[in-house]
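Here are a few notes to get you started on this one. Have the structure open while you read, and take the points in order.

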Amino acid sequence: MSAVVSPIREPLITGHKSYHDITEDLVSPTEKTPGRAWVLAFLTAVSVLAFGLFCITWTIWHGIGTWNLNRTIGWGWDITNFVWWIGIGHAGTLISAILLLFRQKWRTGVNRAAEAMTIFAVLCAALFPGIHVGRVWVVFYFFPYPNTRGPIWPNFDSPLLWDLFAISTYFTVSLLFWYTGLVPDFATVRDRAKGFRKKVYNTLSFGWTGSAKHWQRWESLSLILAGIATPLVLSVHTIVSFDFATSVIPGWHTTIFPPYFVAGAIFSGFAMVLTLMIITRKVLNLQDYITIEHIESMNKVILVTGTIVGVAYLTELFIAWYSQYPYEQFAFFNRALGPYWWAYFGMMFCNVVSPQFFWVKKFRRNITLTFFLSIVVNIGMWFERFVIIGTTLARDYLPSSWSFYIPTWVEIGIFIGTLGLFFTLYLIFVRVAPVVAIAEIKSILKSAGDQYVGPNAKHHDHGHGESESHQHETEVVETVVEPVEDHKTEKSGKTSNTYVPVSRNTSSEKDDLKKIEGIGPKIEQALNNAGIQTWYDLSQRTASEIKDILNAAGNNFSQHDPGTWAKQAKLASEGNWEALKAYQDKLDGGKEVI
C-alpha cells in the first residue's frame with residue numbers, strides 16, 4: 001500500500017534523524033548508569049510503596065474496621081480507587097490497538113509507554129477487590145469453582161463476577177500486545193549488549209533475527225491482538241459501570257453509565273499518558289520523538305472525550321428533572337448542594353471546564369499548560385468516581401441511616417501506596433526497555449521525519465547509510481528537491497518521489513560504504529581495515545569473502561548477511577542511484593546495523 005504524504009504536514013520525528021541516530025537515542029537510556037533524578041524518583045516511589053504495603057498489612061491484621069466504612073456506606077475509597085485505576089488503564093490499549101487499526105502514525109511516539117501504563121494501572125486496580133472482601137484468604141470466592149461449601153456459589157448474575165472475567169481478559173491481551181511490540185526492540189538491545197546482559201535480552205527477544213518471516217508473523221500477531229483488544233477497551237469499563245447501573249439505587253440506575261464510563265476512562269487515561277510522557281521526554285531528552293504534534297493530537301482526544309463526559313453530566317441532570325422521580329432528583333440535588341458539594345463542583349470544573357482550553361491551538365501546543373491540565377483532569381476523574389459512590393451511598397431512602405464518610409489514614413495510605421507501585425514499575429520499565437518503540441519509529445521515518453515532510457523538507461542520503469527498519473507500509477513522499485551538502489546535484493524546483501542522486505565517485509578516494517543497505521559505521525571500519533575502501537572494491541568481493549572478513553572482526557559482525565552487498569556496491573560504483581534505491585527497498589531491514 002502506498003500513501004502520499006502532504007509536504008506541509010508537521011513532522012512526527014525531528015532532528016533530521018538517521019536510523020542509527022534513532023537506535024542510539026532510544027537504546028542508550030537502558031545502557032547508561034541511572035542519573036540522580038531517576039535514583040531520587042525511584043527511592044521516593046519505593047518509599048511510598050513501602051508505606052502502602054504497611055497499610056495493607058495493617059488492614060489484613062486488624063480487619064476492614066480500620067476503614068471508615070459503615071452500614072450506610074459500604075463502598076468508599078476502595079471501589080473509588082479501583083474504578084479510577086481501571087479508567088487510567090484504558091488509554092494504553094486505545095492508543096495501541098484502535099489507532100494501530102486506523103493507521104494513525106502519531107501513536108508510535110507514545111504507544112509503548114501507554115501500553116506499559118495499562119499493565120501497571122490494572123495491577124494497582126487489582127489490589128482493591130482483594131482487600132475489599134475483608135478476609136483476603138477467602139478471595140477465591142471470586143472464582144467459579146465446584147461447589148463444596150453448601151449454598152455458597154459465585155453469582156453469575158452479578159457484575160462483580162463479570163469484572164473478574166473482563167479485567168483478567170483485558171489484562172492478558174494487553175500484556176501480550178505490549179510484549180509483542182517489545183520483542184524487536186529487545187533484539188536490538190541484545191545485539192548491542194555483552195555478557196550476562198546479552199543473554200538476558202536474548203531470552204527476552206525469543207530468538208528474534210529480523211528475517212522477513214519474523215516481521216510477517218509479528219505484524220500478523222499485532223493486528224490480531226489489536227482486533228481482540230479493541231472491543232475489550234469498550235467492554236471492560238462498560239462492565240465496570242454495570243456494578244452501579246444494574247442496581248436500583250437512585251443516581252446509579254441509568255443506561256447512560258456504559259458509554260459515559262468508557263468516555264471517562266479514555267479521558268483520564270490519555271491525561272495520565274500525557275503526564276508521564278511530558279516528564280519522560282524531558283528527563284530522557286526524547287523531544288525529537290515525542291513532539292508537539294504528538295501532544296496536540298492527544299489534547300484533541302482529551303477535548304473530545306471531556307466534552308462527551310460533560311454532555312453525560314448534563315444528560316443525567318436533565319433525566320433526573322424530566323423523570324419527575326423524587327428520589328432521582330434528590331440524588332442529584334444532594335450531589336450539588338449536599339455536604340459533598342465541593343467534590344461535585346471540583347468534578348465539574350476539572351472534567352468539563354478545564355478541557356475546553358484545548359479549543360485554542362496555542363494552548364494545545366503549550367507544554368506547561370498541558371502538563372498542568374493533565375493532572376487536573378485526573379484529579380477531576382477521581383472526584384467523579386467519589387461523587388458517584390460516596391455521595392450516593394451517604395444518603396439513602398431513610399434519613400435515619402444517613403451518614404458522612406471520611407477516609408481513615410489507612411485508606412489514604414493504601415491509595416498512596418498504589419501510586420508508589422505504579423511509579424516504581426514505570427521507573428523500572430524505562431531502565432530495561434526502550435520507552436519509545438524503535439521499530440515503529442523507524443517505520444514512519446521516511447513519511448513523518450522532518451527531512452522528508454514539511455514545507456522545507458529535503459531528501460537526504462538513504463537513511464544516512466543505516467539499515468532500514470521493517471516498513472509497515474511503503475511510503476511515497478512528496479518533497480522539494482534541493483541541493484544536498486557534499487552532493488553534486490542540479491537545483492530543481494520540481495517535486496520528486498526519488499532520492500537526490502549522488503554523483504559517482506570515480507576517484508581513488510575512499511567511498512562512503514554506509515550507503516550500502518546493512519553496513520553501519522563499525523562494519524565500514526572493519527571493511528576498510530581489510531582493504532575495502534571504495535564501492536568498486538566491495539563489488540569485486542564475493543559474499544563468502546566478505547563473510548570471512550566479518551567473522552574475523554568479531555562475533556558481533558558474524559550475524560550479518562553480506563549476500564547483497566556486492567550487487568549494491570556495483571550499482572553505487574556505476575552511479576545508478578535510482579536502481580540502487582529500488583533494490584534496497586525490496587530488501588528486508590530487520591537487522592540493526594552496527
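1. A quick definition before anything else: a salt bridge here is a side-chain nitrogen of Lys or Arg within 4 Å of a carboxyl oxygen of Asp or Glu. Keep in mind that you're looking at a predicted model. By that definition, the structure holds 15 salt bridges.

2. Start with the network. Salt bridges link Glu10, Glu293, Glu296, Arg364 and Arg365 into one network.

3. Now pick one pair out of that group. Glu296 and Arg364 meet through their side chains in a salt bridge, at 3.0 Å from N to O. What does the pair tie together? Glu296 sits in helix 10 (residues 292-323) and Arg364 in helix 13 (residues 361-364), so the bridge joins parts that are 68 residues apart in sequence. Both ends are out of the way, too: Glu296 is buried, and Arg364 is buried as well.

4. Next, have a look at Glu384 and Arg385, whose side chains form a salt bridge at 3.5 Å, N to O. Are these two buried or exposed? Glu384 has a relative accessibility of 1%, so it counts as buried. Arg385 is buried too, with a relative accessible area of 2%.

5. Last one: the side chains of Lys515 and Asp512 form a salt bridge at 3.1 Å, N to O. Here the partners fall on either side of the cut-off, since buried means under 20% relative accessible area. Lys515 is buried, at 11%, whereas Asp512 comes in at 25% and counts as partly exposed.

Technical notes
Residues numbered from 1 in each chain as written. Predicted model: local features only at pLDDT ≥ 70, side-chain atom pairs only at ≥ 80, totals over all residues. Heavy atoms only, no water. Helix = DSSP H or I, 4+ residues; strand = E, 2+ residues; numbered from the N terminus. Buried < 20%, exposed > 50% of the residue type's maximum accessible area, 1.4 Å probe, protein only.
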